[in-house]
Each structure stands twice: as C-alpha cells, then as structure tokens.
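Hello,

Below is the structure I promised to pass on. My notes on what turned up in it follow.

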Amino acid sequence: MSTWYSEVPPDRVKISASGWLRAALRGSALILLILVCLGALLILRLVERPIYGLHRPWTPFIVQFVSRNVFHILSMRHRIHGEQMTGSGAVVANHSSWLDIFALNARKRVYFVSKAEVAGWPGIGFLARVTGTLFIERDRRKAREQTELFAERLKAGQKLLFFPEGTSTDGLRVLPFKTTLFATFFAPDLRDKMWLQPVSVVYRAPKGQPLRFYAWWGDMDFGPHLLKLLAAPRHGSVDLIYHPPLCVKDFTDRKVLAAALEVKVREGHHTYLEDAE
C-alpha cells in the first residue's frame, strides 16, 4: 500500500503554557473515558463472543459512546448530513486523519477494514482488535484468503467500513479509489443483496488555522498531532455527508462500482470543503 505525501511540509506545532494545561485536562479525560469503557467492553465480550460469535449486539454501543464523547472532550462539532444506510453492505469514505475513526463510529455501528500492520501498533493496535477491526494484507498471494474473510463478515451482517484511497491525505483532496476490495461484493452469494454507501468526510479548521489542521498523513508522528488537538484553544468541526447507497448488482464490475462511489465522495467533499473556506 502506497503512502501519500504532501509537497508542502506539515505545519509546525506550537503549544503555549495554557495549551499544555488544556492538553493535560483533555488528555486525562480522554484516558479515563477509554479505560473505563474498554473495561466494560472486555467484560461484555466474555459473554457476547461465545453466544453470538461474529455478531456483536452490545459492544458496538460502547464504541459509539466513546467516539461521541471524544468530540465532546475536544469541544469539536460533529455534524451529519443525509440518511444512513440500514441494509446489508459496507460504507466507503475518504481518509485524512485518525479522527476519521471516531467521526465515522460516533453515529453508526461499523467495523473498520485496516492494513495488517496497524494490529501491531502500540495501544492503537490493541484498541482496533478489541473493537472488531478486520485486518487485511495487501498481498496478492493472500487475496483469496482475504476475500473469504471479508465475505464472512458481510454474511454475518456486519457493516464494514474501508478507505478505498488506501492512505490518508491532507484533507484537501480525494485520491483515486483502489478497486481490489470491491471484488468481494461481486461474489454470487453477495452481489444481489449488497449495498455500498459513499460518505464524504470534511473537516473545518478552527478560525485562524490552516485548512488541513486535522489532517494526519505521510510520516507524521501520532503523538505530536494528538497533542496539538488536545492543546488547541478552540476547535472547528467535522461534517459527514452520507450519500444514497448504491446496489452492487447495478454495476458490471468492481472498477465501475469503485468509480461511481469515488465520484460521489469527491463531489460531496469538494462542495462542503468550498463552504468551509
């Protein structure tokens, strides 16, 4: 999987004395929220897993609760536009920040599809595993195995969410969608009943800050980026634009389907980003 890099270096992080205090207070609240809810989730999984297997009737609500309160702690607005899909299928969105995970989980029960190496990241990897993230390897030799795993989750009724760009950006653009994962939806036992909903994710920076304030891409370190958000005196918002879902059976192949979804995501992103400027 290729990583996107900007020709313009990331903005330097400058934190004032009051900013360090805000970071400490918000960071403490965030840690407490995650630890308490993680404990509750792990306890519930002890009962949920043996009874329901891949189905998770309870724990996704804990993930939603945490995700919503992340934005409350930051005093950051979280807005939704459009109707969220209720049928079987998946959600695809553009990707510009680790905040996308919280933004997309806050109002909808979804399970993320992520690159396999994330499972080994300290802290983040563990949280991703316990919340049901599906890890895949971009290895052609394992393509069939990955497809079967993908299909298994879909057949269990899980709504999977993935970022077809394959990397995060500065939030000012939408990259061409990679089509590999879309092949799964054309399996004979899935094609006629699967729907995919495109979602445009648009961040509005705090007043006086660069438009890409929330973006996290390339080789940017997670720690300094998180600290910048915790220390910010004021925050902007994130808008999620849910477009009408597309039925897989209406498309001839994965490339045509991916192109149609890309158009919807890009149009929504462009429209709302223009409004933010």
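**Notes on the structure**

Val-47 counts as partly exposed, because its relative accessibility is 40%; on this scale buried means under 20% relative accessible area, exposed means over 50%, and partly exposed lies in between (1.4 Å probe, protein chains only). Val-47 sits in helix H1, residues 17-52. Helices here are DSSP runs of H or I with at least four residues, strands are runs of E with at least two, and both are numbered from the N terminus.

Before the rest, a word on the source. This is a predicted model, in which local features need pLDDT of at least 70 and side-chain atom pairs count only at pLDDT 80 or more, while totals for chains, interfaces and linings use all residues. Residues are numbered from 1 along each chain as its sequence is written, and side-chain values use heavy atoms, with hydrogens and water left out.

**Surface patch**

Val-47 also belongs to a nonpolar surface patch of about 500 Å², together with Leu-46, Ile-51, Tyr-52 and Trp-58. Patches are made of residues with over 30% relative accessible area and no salt bridge; like charges are joined within 9 Å, and nonpolar side chains (Val, Leu, Ile, Met, Phe, Trp, Tyr) within 5 Å. The accessible areas come from the Shrake-Rupley method with a 1.4 Å probe, and for residues only the protein chains shown count as cover.

**Salt bridges**

The whole structure has seven salt bridges, a salt bridge being a side-chain nitrogen of Lys or Arg within 4 Å of a carboxyl oxygen of Asp or Glu.

One of them joins Asp-189 and Lys-155, at 2.6 Å from N to O. Its partners come from distant parts of the chain, 34 residues apart: Asp-189 is in the loop between strand E5 (160-162) and E6, and Lys-155 is in helix H5 (residues 143-155). Asp-189 is partly exposed at 40% relative accessible area, and Lys-155 is exposed at 51%.

Another pairs Asp-239 with Arg-204, with 2.7 Å between the closest N and O atoms. Asp-239 is in strand E7 (residues 237-242) and Arg-204 in strand E6, so this bridge ties together parts that are 35 residues apart in sequence. Asp-239 and Arg-204 are both buried. Through shared partners, salt bridges join Arg-79, Arg-204 and Asp-239 into one network.

Asp-170 and Arg-173 also form a salt bridge, their closest N and O atoms being 2.8 Å apart. Here Asp-170 is buried at 2% relative accessibility, whereas Arg-173 is partly exposed at 34%.

**Cavities**

How many cavities of 30 Å³ or more are there? The count is three. On a 1 Å grid over the protein atoms alone, a cavity is a set of points where a 1.4 Å probe fits but cannot get out, and lining residues have an atom within 4 Å of a point. Grid points are joined across faces, edges and corners, and a volume is the space filled by probe spheres set on the points.

The largest cavity holds about 70 Å³ of space. Its lining has 13 residues, and those closest to the centre are Ser-96, Asp-170, Gly-171, Tyr-203 and Leu-211. Strand E6 (195-204) and helix H7 (254-276) are the elements that give two or more residues to this lining. By class, eight of the lining residues are nonpolar, three polar and two charged. Ala, Val, Leu, Ile, Met, Phe, Trp, Tyr, Cys and Pro count as nonpolar, Asp, Glu, Lys and Arg as charged, and the others, Gly among them, as polar.

**Loops and contacts**

Helix H7 also holds Ala-259, which is partly exposed at 39% relative accessibility. Thr-179 is in the loop between E5 and E6 and is buried, at 18% relative accessible area.

Arg-107 is in the loop between helix H3 (99-105) and strand E3 (111-115). Arg-107 is partly exposed at 38% relative accessibility. From Arg-107 to Arg-68 is 7.6 Å, C-alpha to C-alpha, and 39 residues in sequence.

Ser-75 has a positive phi of about 60 degrees, although Ser-75 is not a glycine. Ser-75 lies in the loop between helix H2 (59-74) and strand E1 (77-81) and is exposed, at 52% relative accessibility.

Regards

Terms used
1 Å grid on protein atoms, 1.4 Å probe; cavity = no way out; pocket = protein on both sides within 12 Å on 5 of 7 lines; lining within 4 Å.
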